[in-house]
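Subject: Structure for you to look at

Hello,

Here is the structure we talked about. Please open it alongside these notes and tell me what you make of it.

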Amino acid sequence: MTAAAGKGLEGVVASQTSLSFIDGLKGVLVYRGYNIHELAPNASFIEGVFLLWNGRLPTRPELDVFEARLAGLRALDPRTLDGLRTLPGDAVPMSALRTGISLEGMHDPDAEDNSAEANRRKAERLVARTPTMIAAIHRIRQGKEPLAPDPALSLSADFVRMANGEPGTEEAVEALDRTLLLYLDHGFNASTFACRVIAATLGDMHSAVTGGVGALKGSLHGGANARAMQTLLEIGSLDNVGPWLGKAFAEKRKIMGFGHRVYRTEDPRATHLREMSRVLTNQAGLGEFYEMSRELEDQMIARKGINPNVDFYCATVYYALGIPIDLYTPLFAMGRMGGWTAHVMEQHGDNRLIRPRAEYVGEMDLAWAPIEDR
Ligand code: COA
């Protein structure tokens, strides 16, 4: 028996993908051949989903058709809505989302069909309905009736309207959409790998992405964006960044929104989110949170050599947009749904069971003792 791979499978190349590429030393992220710096200022989230699923950018008519088709799929199955209404009023939104996605799977007409055509139909419904579901979860917990989708609006604009009951500004919708594009895909990150492991058993698309939501919820993964905001609120002022950080280091706390398994330099998504945070926090009169973030970043780099990741500046972007903190991670899921579904389709397209070995470090050759004698 050979020794185990590095703890946490660090550095292990588990299989191939043509969806996204990361160079952690150079700080490069590529979706289907396009550097994220090319896409972020130019592409919409839905355009990014088209790119990921089809391997090329859409023409204008193709994008129009794709957007219209997904817009027509936004309404949740009424039985899913009924199920969401039965959840505890204080349910964590990520848990409600995990349950809701699973419920959609119960009612999906293609539920048990893993063919490429059925997978594509399910992927479309999942990307189209995740925003509707998050908005419904938010409305229901406030004792409000969920709002029906409006297919005339873009996916991001409709999410803002369904969540808040009123349309967002063009700038807010555009900012939200860009965060979704930046969250779209990221190699074999933990939640995507979870999806692929489930898909590789020939488990169905909804089972796979339900697992993805569960994996994303954790604070070492998607849960970090909400916790990064809580950290900034806990720090409270620019003056307190240094003392707070000193105490956090002494207590061996992980600073949320910093560090990455793959990047050893600037996370290229953070480059865009930092600038968005600067603009949006200043516009919202919350510039102090940007200043605190910059100070925390400077001190983390100076004292530990650890850079911010995608979640750090996304936190203040969402805060400036007035989004409740416990919806930050569901929004990450809303974007990553495009990636999860792409990976399930890629896995099913060329499948082999994912089944690594474990290095056993327990005892051996123990003698059986009758229960009375133990
Ligand atoms: N705050 C403080 N120290 C950190 C840190 C952080 N956010 N991230 C890493 N480190 C330190 C570790 O304590 C470790 O130090 P040590 O060698 O003295 O023990 C060293 O950096 C290496 O970290 P390691 O735990 O091996 O990194 P990892 O690859 O296992 O974990 C993360 C990667 C992302 C889980 C980790 O950086 C983390 O917990 N970050 C905070 C959560 C987060 O933002 N997650 C979102 C990721 S996109």
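Seventeen is the size of the shell: of the 17 residues around the ligand, the nearest are Leu220, Ile255, Gly257, Phe258 and Arg261. A residue counts as near when one of its heavy atoms lies within 4 Å of the molecule or strand in question. By class, the shell holds seven nonpolar, six polar and four charged residues. Here Ala, Val, Leu, Ile, Met, Phe, Trp, Tyr, Cys and Pro are nonpolar, Asp, Glu, Lys and Arg are charged, and the others, Gly among them, are polar.

Before going further: this is a predicted model, in which local features need pLDDT of at least 70 and side-chain atom pairs count only at pLDDT 80 or more, while totals for chains, interfaces and linings use all residues. Residues are numbered from 1 along each chain as its sequence is written, and side-chain values use heavy atoms, with hydrogens and water left out.

Now the polar contacts (pairs of N or O atoms within 3.5 Å; within protein, one must be able to donate a hydrogen and the other to accept it, and residues adjacent in sequence count only if both atoms are side-chain atoms). A polar side-chain atom of Arg261 sits 2.6 Å from a ligand oxygen. A polar backbone atom of Gly257 is 2.8 Å from an oxygen atom of the ligand. Leu220 uses a backbone N or O atom, 2.9 Å from a ligand nitrogen. Alone, the ligand exposes 860 Å², and the protein buries 64% of that. Those areas come from the Shrake-Rupley method with a 1.4 Å probe; for residues, only the protein chains shown count as cover.

Helices are DSSP runs of H or I with at least four residues, strands are runs of E with at least two, and both are numbered from the N terminus. Is Gly257 buried or exposed? Its relative accessibility is 2%, so it counts as buried. The cut-offs are under 20% relative accessible area for buried, over 50% for exposed, and partly exposed in between (1.4 Å probe, protein chains only). Leaving aside neighbours within four places in sequence, Gly257 is in contact (heavy atoms within 4.5 Å) with residues including Ala224, Asn309, Asp311 and Phe312. Its C-alpha atom is 7.9 Å from that of Tyr313, 56 residues along the chain.

Asp311, Phe312 and Tyr313 are among them. The buried residues pack against helix 8 (170-183), helix 11 (224-235), helix 13 (268-283), helix 14 (287-304) and helix 16 (328-349). At the start of helix 15, a side-chain oxygen of Asn309 comes within 2.9 Å of the backbone nitrogen of Asp311. Just after the helix, Gly322 has a positive phi of about 80 degrees.

Three strands form an open sheet, order 1-2-3, with antiparallel pairing. Strand 1 (20-23) and strand 3 (34-35) are at the edges with a single partner each, so one side of each has no neighbour in the sheet. Strands pair if DSSP finds at least two bridges between them. Strand 1 and strand 2 share four bridges; strand 2 (residues 28-31) and strand 3 share two. Val30 stands opposite Phe21, and its bridge partner in strand 3 is Asn35.

Best wishes
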